[in-house]
Every structure is written in structure tokens, then in C-alpha cells.
Amino acid sequence: MQVSGTDGRYQGKFNVNSFKGARQMSVIGMGNNTNAEGFSFMDVLNFTGAMNQLKAGGGNININIGPEDPMAGLLGGNNSGINTTFGGGVNYNNIISTKTDFQSNYFYSRYNPNRESHLQRQYFTPANSVQTNSYSDNLNSNNRFNFSADYQIDSFTSVKISPAYSYQETRNKSISDYNTFSDQGTKANDGNSDNIANSKGYNFSTNLLFRKKISP
């Protein structure tokens, strides 16, 4: 579904599922610049591997999402400025040769919050006024890969390997300026700043679980 509006606003999302025997495949995608919710919380859990972590951990998982995190845009709720958000994922599960339970997912998110403000303050002691303008344009993108292969060696022994990889890029840009005027309207001073910061990071981890049943 896609909806377009005035001032270049748009929002859309899709969800495709395919099931055949033990094979399960799901694809989701979304994009909007209306500050609307992109995916449900359960979608994010399923397509980022967090649901598998929850099942493996026995019931607890901590998810911390900051205001500039790409996930914040996907879940919506931030109505400050104009937030442009894109996201999508693929979830594939299958049982291979009756002995291997294979699960995998890939998720991409891109969050671009844009803020602009104009402020004027009037002071009486000393009598002057200050005008400030600020603008920020940040960009955060994230790629997440999760795989899990649970291999049944025999009726008593199994081994499970679960690698995970994530890669994130961040660009933060801010511009601001100010002007101070006396009570006669004469400019007393002014100033400006222009800051930009870029960062990249990745994380890789692998969990290996060996299980052996003890015969009675």
C-alpha cells in the first residue's frame, strides 16, 4: 500500500509471505516521511533476530532504542521535525534433509531526522534581543544479518551455531547562527557554527551450543 500527499509527503509498506511445507519466507518493506509508524514491534523482533534471542534466552531480552537510532524511525512516535524512514527485511526458515533446522533473517533500516528551529529572545536587563537559528540533518543506516543452523547428529546429540553480523553508518550535521541586537536595533555581535561528524561500526558474534541427552 502506498499513499502520497501534499508537500512531497508519502508513506507506504508491504508484506509478502510464502509457505510450502517446512519452508517459510517473509519479506517486508516500508518508507515514509510523515513521522508515521513503519513496522510493529513484533515485526522488528522477528526480522532483526531478537525473537530468536528471546526464545533461546528463556524469556528475557533488553532492547535499548535511542531517539536517533534507525529503529526509532521504524517504530514511529517521534513527531519532532521531519523524519524520513526506510526499512525492509527478509526472513527465511527451512528444515534441510530432516536433520537441520535453518533460520535466517536480514534487516535494513535508514533513518533521516531533519530539524529546524528559529528563536528570538527579548531581554530587559540589559535591554537587547537575541535571534538564533539552528538546523540539523542526521542520517543513520543499519544492516543486520542473523543465521541459525540446528543440526541433529543423532537421537541424543545436536549442535547449534548462530552467527550474527551488524554494520552501521552515522552522519550528524548541525548548523547554527545567532545575532544580538541592542535596544536601538543595532547589531552588537553575531556568530555561527557548522559541525559534521561521520562514524562507521560493525559487530560480529557467534554462539555455539552443543547438546547431549543422557540416556536413562
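The exercises below, each with a worked solution, concern a predicted model of a protein.

Residues are numbered from 1 along each chain as its sequence is written. Local features need pLDDT of at least 70 and side-chain atom pairs pLDDT 80 or more, while totals for chains, interfaces and linings use all residues; side-chain values use heavy atoms, without hydrogens and water.

**Exercise 1.** State how many helices and strands the protein has, and their order.

Solution. Helices (H or I, at least four residues) and strands (E, at least two) are DSSP runs, numbered from the N terminus. The protein has 3 helices and 9 strands. From the N terminus, their order is β-β-β-α-α-α-β-β-β-β-β-β.

**Exercise 2.** Decide whether Asn35 and Ser97 are buried or exposed.

Solution. Buried means under 20% relative accessible area, exposed over 50%, partly exposed in between (1.4 Å probe, protein chains only). Asn35 lies in the loop between strand 3 (23–32) and helix 1 (41–47). Asn35 counts as buried because its relative accessibility is 14%. Ser97 lies in the loop between strand 4 (82–96) and strand 5 (100–124). Ser97 counts as exposed because its relative accessibility is 56%.

As for phi, most residues other than glycine have a negative value. Asn35 has a positive phi near 65 degrees, and Ser97 a positive phi of about 50 degrees.

**Exercise 3.** Locate Asp150 and find the partner of its side chain in a polar contact.

Solution. Asp150 belongs to strand 7 (residues 139–152). A polar contact is a pair of N or O atoms within 3.5 Å; within protein, one must be able to donate a hydrogen and the other to accept it, and residues adjacent in sequence count only if both atoms are side-chain atoms. The partner is the side chain of Arg211, at 2.6 Å.
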